[in-house]
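Me: I have a model open and would like to learn how to read it. Where do I begin?

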Amino acid sequence: MSEFFAMGGYAKYVWSSYTISIVVLVLMVVLTKRALRNTREQVLRRQQSQREMQ
Amino acid sequence: MWGTYWEWDPRLTSELILLFLFLGYIFLRQALGETRQADRASGILAIVGIINLPIIHYSVEWWTSIHQGPSLMKLEAPSIATDMLWPLLVMILGYKLLFLAVLMSSTRIEVLQREKNSRWVSEQLGAKTVSQQGGVA
């Protein structure tokens, strides 16, 4: 098991690559979803306030 | 194993140019305040930048490189062990699909922001809230 995690002496490179990839992928998905939700709400609020003005 | 962090190798250098193209694209868009102008300028930069793609692909054939020759993108059978080939192909597919999903969401954001005054957006979003409110009530 520890032999597997040692990755033949290249553990530093292998596992840091995994960590960076996972962090970037998760952040990318979460931030995009949040931005889409925020944009929707923003546009909706804007339209509602415009409707009230009319 | 290449045994080096950096070398002015054809593959590494052409990929570095690609990185600069991406950075240039991002900063060009941000530098130009007006949307139409930024669209045009960054669009031209993106199209011109495509020239770099075949250079990256053929860099390992045209010049001597510490990178190996093509392992997948060639006419003969892939020169990679089968138990590494399948995970690689599955992961490539996974990354492409994820990229496509994120790209589509980003496009929706962009379209919503640009078309926030048009009727179809208010119809789309408005209809949604009415039905949602109807569901709650």
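Reply: We will take the interface first, then a pair of helices, then the salt bridges. Keep in mind that this is a predicted model.

Me: How much area do chain A and chain B bury between them?

Reply: The size of an interface is often given as the accessible area lost when the parts come together. Here chain A and chain B bury about 1,600 Å² between them. Carbon and sulfur atoms carry 68% of that area. On the side of chain A that touches chain B, nine residues are nonpolar, five are polar and two are charged.

Me: How many residues does each chain bring to the contact?

Reply: Chain A gives 16 residues and chain B gives 20 residues.

Me: Which polar links cross the interface, and how many salt bridges?

Reply: Three residue pairs are in polar contact between chain A and chain B.

Me: Now the helices. At what angle do helix 1 and helix 2 of chain B cross?

Reply: Look at the axes and their directions. Helix 1 covers residues 10-31 of chain B, and helix 2 covers residues 35-49. Their axes come within 9 Å and cross at roughly 170 degrees. An angle over 145 counts as roughly antiparallel, so helix 1 of chain B is roughly antiparallel to helix 2 of chain B.

Me: Which residues meet there?

Reply: From helix 1 of chain B they include Leu21(B), Tyr25(B) and Leu28(B). From helix 2 of chain B they include Ala38(B), Leu45(B) and Gly49(B). By class, this contact has seven nonpolar, three polar and two charged residues.

Me: What does Asp39(B) form with Arg29(B)?

Reply: The two form a salt bridge, with the closest N and O atoms 3.1 Å apart. Asp39(B) sits in helix 2 of chain B and Arg29(B) in helix 1 of chain B, so the pair ties together parts that are 10 residues apart in sequence. Over all chains, the count comes to three salt bridges.

Conventions
Residues numbered from 1 in each chain as written. Chains lettered and ligands numbered in written order. Predicted model: local features only at pLDDT ≥ 70, side-chain atom pairs only at ≥ 80, totals over all residues. Heavy atoms only, no water. Contact = heavy atoms within 4.5 Å. Buried area = accessible area lost by both parts, 1.4 Å probe. Polar contact = N/O pair within 3.5 Å; in protein donor to acceptor, adjacent residues only side chain to side chain. Nonpolar A, V, L, I, M, F, W, Y, C, P; charged D, E, K, R; others polar. Axes fitted to C-alpha atoms, helices over the stretch in contact; angles between N-to-C directions. Helix = DSSP H or I, 4+ residues; strand = E, 2+ residues; numbered from the N terminus. Parallel < 35°, antiparallel > 145°, perpendicular 65-115°, else oblique. Salt bridge = Lys/Arg side-chain N within 4 Å of Asp/Glu carboxyl O.
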